[in-house]
Amino acid sequence: MRGPERLQALVHTVPDFPAPGVLFRDLSPLLADSASFAHAIELLADQAITAGPLPDLIAGMEARGFIFGAALAAHLGTGFVPLRKAGKLPPPVIATDYTLEYGTARLEMSALAVQPGQRVLLVDDLLATGGTALAGAQLLRHAGATVTEALFVIALDDLGGHAALLDQGITTTALLA
Ligand code: PRP
Ligand code: ADE
């Protein structure tokens, strides 16, 4: 088994976690497989390069977006912006509340992380409803950044994330479904 097929085989699907009715996709086996983790980063990098000029920064949403976003930023040679859950960053912060597939949360960004006009690529492990990615885009745009692309390892197509982001002018790409 090679390429995306191997990545797909290393996604562990768990019914009813963390809430009844949710089919949870756990990427722990993929992350633990050195060749597959490296391959996922290379495929994300290919997508980032294909999308146009390299972004100034990559932003990742806590926590799983840090894993892929920071690795991709180091691979591409861009900076990285951590978009954090509530209460972790010192001031000055910009914050927004959002809803995701199985709950609600608050996302925060350092107001010092991004300069107006910088082009920022959003990266996360998984796209479900798009609530998390939209919250990230909202913070970045509030700081004056341009956000037009988002990359994911997995997109759950029936949860509407692609359409929700497209509606806000953000094109999404995912390696797996
Ligand atoms: C997960 C995942 C995405 C988000 C996707 O994060 O890593 O960030 O949900 O769902 P959405 O498209 O419906 O917003 P989670 O909030 O569970 O946090 P974690 O990364 O800390 O596990
Ligand atoms: N985040 C939101 N929905 C998810 C799912 N079904 N599996 C893993 N992470 C998620």
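Predicted model: local features only at pLDDT ≥ 70, side-chain atom pairs only at ≥ 80, totals over all residues.
Start with ligand 1. The shell around ligand 1 holds 16 residues, and those that come nearest are Tyr 102, Asp 124, Asp 125, Thr 129 and Thr 132. By class, this shell has six nonpolar, four polar and six charged residues. Strand 7 (120–127) and helix 5 (131–142) each supply at least two residues of the shell, and the largest share, four residues, comes from strand 7.

Some of the contacts can be followed atom by atom. Thr 129 has a polar side-chain atom 2.6 Å from an oxygen atom of ligand 1. Gly 130 places a backbone N or O atom 2.8 Å from an oxygen atom of the ligand, and a polar backbone atom of Gly 131 is 3.4 Å from an oxygen atom of ligand 1. On its own, ligand 1 has 500 Å² of accessible area, and the protein covers 87% of that.

The space that ligand 1 takes is the largest pocket. About 420 Å³ of space lies in this pocket. It is lined by 26 residues, with Arg 64, Leu 100, Tyr 102, Asp 125 and Thr 132 closest to the centre. The lining consists of 15 nonpolar, four polar and seven charged residues. Strand 2 (23–26), strand 5 (93–100), strand 7 and helix 5 each supply at least two of the lining residues, and strand 7 gives the most, with four.

The second largest pocket has about 230 Å³ of space. Among its 14 lining residues, Pro 53, Pro 55, Arg 119, Thr 148 and Glu 149 lie nearest the centre. Helix 3 (34–50), strand 7 and strand 8 (149–155) each give two or more residues to this lining, which divides into eight nonpolar, four polar and two charged residues.

Note on methods
Residues numbered from 1 in each chain as written. Chains lettered and ligands numbered in written order. Heavy atoms only, no water. Near = heavy atom within 4 Å. Polar contact = N/O pair within 3.5 Å; in protein donor to acceptor, adjacent residues only side chain to side chain. Areas by Shrake-Rupley, 256 points an atom, 1.4 Å probe, with all protein chains shown as cover. 1 Å grid on protein atoms, 1.4 Å probe; cavity = no way out; pocket = protein on both sides within 12 Å on 5 of 7 lines; lining within 4 Å. Sits in = over half its atoms within 2 Å of the grid points. Nonpolar A, V, L, I, M, F, W, Y, C, P; charged D, E, K, R; others polar. Points joined across faces, edges and corners; volume = space filled by probe spheres on them.
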